[in-house]
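Reader: I would like to go through this model and ask what stands behind the terms used for it. Please set each value against its criterion.

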Amino acid sequence: MTFNMASLVYSVLIIFVMAHVIQGQGLQKGFYSKTCPKVEDIVKSSVQKAFNNDVTVAPGLLRLHFHDCFVQGCDASVLISGTSTERTAFANANLRGFEVIDDAKTQLETSCPGVVSCADIVALAARDAVGLTGGPSWSVELGRRDGTVSSASDVSNLPAPTDSVAIQRKKFSDKGLTDQDLVTLVGAHTIGRTACQFVQYRLFNYTGTGNADPSISPSFLSQMQSLCPQNGDSSKRIPLDKGSENKFDVSYFKNLRDGNGVLESDQRLWSDSNTKSIVQNYAGTIRGLLGLRFDYEFPKSMVKMGEIGVKTGSQGEIRKICSQFN
């Protein structure tokens, strides 16, 4: 009996260890402490410099990390230039922040050549960008290596503005992320903008009815129709978070509660009982109190996302130039 119990405990420990190895294997705090101790200072300096010139680079860097991790894992495959790479896919057409990553990489190659991966730079830059917009900070475990594959055809699994909650849930679940992670990470839309082309269909002829999406509040609908006229410029950029596009806060969740979600996929989070309860918790009823909870949950979900499909050890490579394979 004792032997069987010992065997059971041993088996459980093996399963636990293997689960940890599969997700986030090889990542650790202080990974570059001896080989490139100033890595975080250098990346932060590049992000700060870009942010000082243009605050909208912050959501761009956050989105860059998200789009990288959801395709091929967090391996900087989204940074590769060239024909038919991830970067050329329609879903990545408006990605920004590449020049910030390149600037940090150039400095790091001078300080400690061939040591720091582009994937780690992307992860650090996203964290620093959130902090500059008033959001939380967190410790980023490092040790990612850069991928050697980048194909536009792999980008189809990225969440899309027209996705139902069921489809969003499946895409996140496939990456080991829960409904809590889904709502939390989509909360990144508290900063940044989107193009009218992803909104106009909701405003004038939703599902071919000739009417607007009924989930949009009447007052917000008129505002949106003014910002994105039916035959207007589809490339025009509009805020994702009404009234608070440059501040990392919980107003995004309050907007979903009030029918003021800009993207259909975002507003749909209010129509599913499970995701709705999470949105309600973040939106809160007492100003600031539950906002702290979003600040607490967001770093946890970002850490989980940052472990998706990472390449470590002898896998992949350390690129010399982030937009090119070695």
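Author: This is a predicted model. A torsion of about -75° about the S-S bond makes the disulfide of Cys 196 and Cys 228 left-handed.

Reader: What makes Cys 196 and Cys 228 a disulfide?

Author: The sulfur atoms of Cys 196 and Cys 228 are 2.0 Å apart. The criterion is a pair of cysteine sulfur atoms within 2.5 Å, so the pair counts as a disulfide.

Reader: Where in the chain do Cys 196 and Cys 228 lie?

Author: Cys 196 is in the loop between strand S1 (193-195) and helix H8 (200-204). Cys 228 is in the loop between helix H9 (218-227) and strand S2 (237-239). The link joins distant parts of the chain, 32 residues apart.

Reader: Why is Cys 196 called buried, and why Cys 228?

Author: Buried means under 20% relative accessible area. Cys 196 has 0%, and Cys 228 also counts as buried at 0%.

Reader: How many disulfides are found in the whole structure, and what pattern do they follow?

Author: The search finds four. With bonded cysteines counted along the chain, the pattern is 1-4, 2-3, 5-8, 6-7.

Reader: How do you know that Cys 118 and Cys 322 are bonded as a disulfide?

Author: Their sulfur atoms are 2.1 Å apart, and the cut-off is 2.5 Å, so the pair meets the definition. The link is left-handed, with -95° about the S-S bond.

Reader: What makes the pair of Cys 36 and Cys 112 a disulfide, and where are the two residues?

Author: The sulfur atoms of Cys 36 and Cys 112 are 1.8 Å apart, which is within 2.5 Å. Cys 36 is in the loop between helix H1 (2-22) and helix H2 (39-53), and Cys 112 is in the loop between helix H4 (98-111) and H5. The two are 76 residues apart. Cys 36 counts as buried at 2% relative accessibility, and Cys 112 at 7%.

Reader: What is the size of the largest nonpolar core, and which residues have the most contacts inside it?

Author: That core has 72 residues. Those with the most contacts inside it include Val 43, Leu 62, Leu 79, Ile 101 and Phe 298. Helix H5 (residues 118-132) supplies the largest share, ten residues.

Reader: Which residues does Val 43 contact beyond its neighbours within four places in sequence?

Author: Val 43 is in contact with Ala 104, Leu 108, Ile 121, Leu 124, Ala 125 and Asp 128.

Reader: Why is His 67 called buried?

Author: Its relative accessibility is 8%, and the term applies under 20%, so His 67 counts as buried. His 67 lies in helix H3 (residues 57-69). Leaving out residues up to four places away in sequence, His 67 touches Ala 91, Asn 92, Leu 95 and Leu 158.

Reader: What does UniProt list for His 67?

Author: The unreviewed UniProt entry lists His 67 under "active site". Such annotations may be inferred rather than shown by experiment.

Key:
Residues numbered from 1 in each chain as written. Predicted model: local features only at pLDDT ≥ 70, side-chain atom pairs only at ≥ 80, totals over all residues. Heavy atoms only, no water. Core = buried A, V, L, I, M, F, W, Y, C linked by side-chain atoms within 4.5 Å. Buried < 20%, exposed > 50% of the residue type's maximum accessible area, 1.4 Å probe, protein only. Helix = DSSP H or I, 4+ residues; strand = E, 2+ residues; numbered from the N terminus. Contact = heavy atoms within 4.5 Å.
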